[in-house]
Amino acid sequence: FDDLKILKGLVLGSGETLPLRVIADEAEVSGELERVPVELWSGGVPDGGCADAGAALKAHLHARAVIVLGTRPMTAPRFVPEPELAPYGHAGTVYDGRRLFHGTDLQGIQSVEGCAEEGISAFARTSPPPRVWLRQPLRSAWLADPLALDSAFQLMILWSFENRDVGSLPVAVRSYRQFQRTFPREGVRIVARVERSSRHSAEAQIDFL
């Protein structure tokens with residue numbers, strides 16, 4: 001996918017349910033690829049493709065992206081050398097409620113290898129089959145693994161605490177490409193190289209290995 005933007009979080013009270021709608025616009029064909037604009041809405045959404053944010057009463061646009069479809073995985077680019085990282089000093093306290101707040105199902109990070117101004121790396125679990133998390137899954141197996149992807153966002157939150165002494169909220173992904181059909185069941189190694197950062201923002205190139 002390209003240009004993923006998280007616009008508004010989903011906030012649920014205890015026992016509350018909320019119907020969601022995924023709106024897909026017409027695909028644009030480019031060579032062997034198809035690019036499909038997609039939006040995630042809650043509330044009333046008009047039919048007929050992607051809607052304007054104010055077009056429906058009490059409707060909320062939560063996220064949008066362009067989904068890139070192809071018949072086979074792309075060829076992986078040349079691997080960029082990893083940054084040199086110092087040992088991570090908070091082993092065993094990642095999910096202590098101060099750095100990361102995630103519940104048991106989303107505690108994907110198994111161990112953080114190292115962290116420095118240049119980046120952060122860790123080992124992470126992958127997701128259980130969709131039927132464990134969804135009552136009516138559309139597929140029997142994930143394509144992109146949601147727990148591995150979320151663990152990358154979690155790593156950037158840890159990087160922010162370590163290097164800026166404050167948390168962060170990942171809000172966008174410029175581009176995501178997957179070079180094999182599925183993620184390994186035994187988990188992945190995640191390496192984030194911070195390319196730009198300031199007091200209030202950071203951008204990173206992240207590899208799932």
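**Before you click.** The model is predicted, so to speak a computed one: local features need pLDDT of at least 70, side-chain atom pairs count only at pLDDT 80 or more, and totals for chains, interfaces and linings use all residues. Residues are numbered from 1 along each chain as its sequence is written, and side-chain values use heavy atoms, with hydrogens and water left out.

**Stop 1: the whole protein.** Show everything as a cartoon and you will find 2 helices and 11 strands (DSSP runs numbered from the N terminus: helices are H or I of at least four residues, strands E of at least two). Read from the N terminus, the order is β-β-β-β-β-β-β-β-α-α-β-β-β. The radius of gyration, taken over C-alpha atoms, is 18 Å, close to the 17 Å of the globule rule (2.2 Å times the number of residues to the power 0.38) for 209 residues, so the protein is as compact as a globular protein of that length. Its C-alpha trace spans about 50 × 45 × 35 Å along the principal axes.

**Stop 2: the open sheet.** Next, select the 5 strands ordered β6-β7-β8-β10-β11, which pair antiparallel (strands pair if DSSP finds at least two bridges between them). At the edges sit β6 (86–87) and β11 (202–208), each pairing on one side only. Now colour helix α2 (residues 146–164): α2 packs on the sheet and touches β7, β8 (119–124), β10 (188–197) and β11, and its direction makes about 40° with that of β7. Here contact means heavy atoms within 4.5 Å, while axes are lines fitted to C-alpha atoms, for helices over the stretch in contact, with angles from 0 to 180 degrees between N-to-C directions.

**Stop 3: bridges around β7.** Zoom in on β7 (residues 109–116), joined to β6 by 2 bridges. Ala86 has Cys115 as its bridge partner, and Pro87 has Gly114. Keep Gly114 selected, for Ser121 in β8 stands opposite. Between β7 and β8 there are 6 bridges, and these strands form a hairpin with 2 residues between them.

**Stop 4: two rings.** Finally, select Phe1 and Tyr176, a stacked aromatic pair with 5.1 Å centre to centre and 20° between the planes. Rings of Phe, Tyr and Trp (its six-membered ring) pair if their centres lie within 6.5 Å; planes under 30 degrees apart count as stacked, over 60 as edge-to-face and the rest as tilted. Phe1 lies before β1 (2–6) and Tyr176 in the loop between β9 (172–175) and β10, so the pair ties together parts 175 residues apart in sequence.
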